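Please read it alongside the model.

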Amino acid sequence: MPKTLAEESPDGRVFFAPGILRHSPFASDVAYVIALWAHIDGDIASILSRMLKSDIAVGTAMYLSLVGAGAQRGALDAAAHEALPEWQQLLFKAIGSVAEESRKTRNHFAHRIWGHCSELTEAILLTHPKTIVKYNISHRQRVEELPDGRGVIRPMPIDEEEILVYRRPDFDAAIEEAERAQTLYRLFYAIMCDSGEGPKAQLLADPIFKARLDQIAKGANAEAKAILGIKAKEKRKH
């Protein structure tokens with residue numbers, strides 16, 4: 001998990017510009033995570049097509065036409081509820097839960113602003129565009145504070161709490177999370193295609209996924225738990 005610039009407390013100069021990522025040794029890592037998620041969205045569209053029992057082109061067109069992650073999740077959840085047995089619904093929900101943090105990272109990589117600190121030469125900075133806008137406004141926009149009504153400029157320091165510091169381990173973790181998400185969705189598609197017990201066994205062998213599934217499946221029926229190998233808690237004897 002990347003730290004904030006406030007936690008690092010460097011003394012160097014901080015600046016943000018379009019060319020920073022282009023000349024960074026981490027540029028290929030950023031591009032790889034974004035590219036992985038393009039393929040993952042294709043896999044999810046294939047899953048939706050299977051749920052709808054439609055041609056992949058139809059399901060993909062429908063999925064990609066939905067604007068926003070909320071609309072996409074809503075369509076997937078509704079289709080899963082109608083098309084899948086409970087144990088597969090639980091698998092699909094757990095996969096989405098595990099993958100959500102990676103999707104957020106991908107969105108940050110694609111839509112936020114990259115920067116640099118002269119003191120942190122082995123790192124790259126990332127922040128929300130609003131952080132830069134707020135900083136720029138404080139250096140350019142006059143505020144009416146003088147008794148005669150004249151405005152003065154009150155420059156404010158950039159909000160270091162809103163700036164993340166990414167180093168090599170942070171990018172390695174981001175790549176691992178995206179690759180895990182891709183693997184989980186592809187295994188689930190294989191399960192939907194009745195590819196035997198292998199894909200399900202591989203899913204359940206992932207410790208991060210299994211821990212999330214155990215949480216999500218607490219209220220599931222006995223049959224679903226049995227299929228997923230989740231042991232029911234024994235009732236305490238009084």
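1. A pocket, on a 1 Å grid over the protein atoms alone, is an open set of points where a 1.4 Å probe fits, with protein on both sides within 12 Å along at least five of seven lines; lining residues have an atom within 4 Å of a point. Grid points are joined across faces, edges and corners, and a volume is the space filled by probe spheres set on the points.

2. The model is predicted: local features need pLDDT of at least 70 and side-chain atom pairs count only at pLDDT 80 or more, while totals for chains, interfaces and linings use all residues. Residues are numbered from 1 along each chain as its sequence is written, and side-chain values use heavy atoms, with hydrogens and water left out.

3. The lining of the largest pocket comprises 21 residues, and Arg73, Asp77, Phe92, Lys93 and Gly96 lie nearest the centre. Two or more lining residues come from each of α3 (27-52), α5 (69-83) and α6 (86-111); helices (H or I, at least four residues) and strands (E, at least two) are DSSP runs, numbered from the N terminus. The greatest contribution is that of α6, with ten residues. By class, the lining has ten nonpolar, five polar and six charged residues, where Ala, Val, Leu, Ile, Met, Phe, Trp, Tyr, Cys and Pro count as nonpolar, Asp, Glu, Lys and Arg as charged, and the others, Gly among them, as polar.

4. The second largest pocket has a volume of about 250 Å³. Its lining includes Met1, Pro2, Glu101, Lys104 and Tyr166, and at least two lining residues are supplied by each of α6, β7 (163-166) and α8 (168-192). Six nonpolar, two polar and four charged residues make up this lining.

5. Helices α9 (residues 198-205) and α10 (residues 207-216) have axes that come within 5 Å and cross at roughly 90°; axes are lines fitted to C-alpha atoms, for helices over the stretch in contact, and angles run from 0 to 180 degrees between N-to-C directions. The two helices are therefore roughly perpendicular, a term covering 65 to 115 degrees. Leu203, Leu204 and Ala205 of α9 meet Pro207, Phe209, Lys210 and Leu213 of α10, contact meaning heavy atoms within 4.5 Å. Six nonpolar, no polar and one charged residues form the contact.

6. Five strands form an open sheet in the order β1-β7-β4-β3-β2, with antiparallel pairing; two strands pair if DSSP finds at least two bridges between them. β1 (3-4) and β2 are the edge strands, each with a single partner, so one side of each has no neighbour in the sheet.

7. Strand β3 (residues 113-117) pairs over three bridges with β2 (residues 14-16), and Phe16 stands opposite Gly115. β3 also pairs over three bridges with β4 (residues 124-127), where Trp114 faces Leu126 and Gly115 stands opposite Leu125. Six residues lie between β3 and β4 in their hairpin.

Methods:
Angles under 35 degrees count as roughly parallel, over 145 as roughly antiparallel, 65 to 115 as roughly perpendicular and the rest as oblique.
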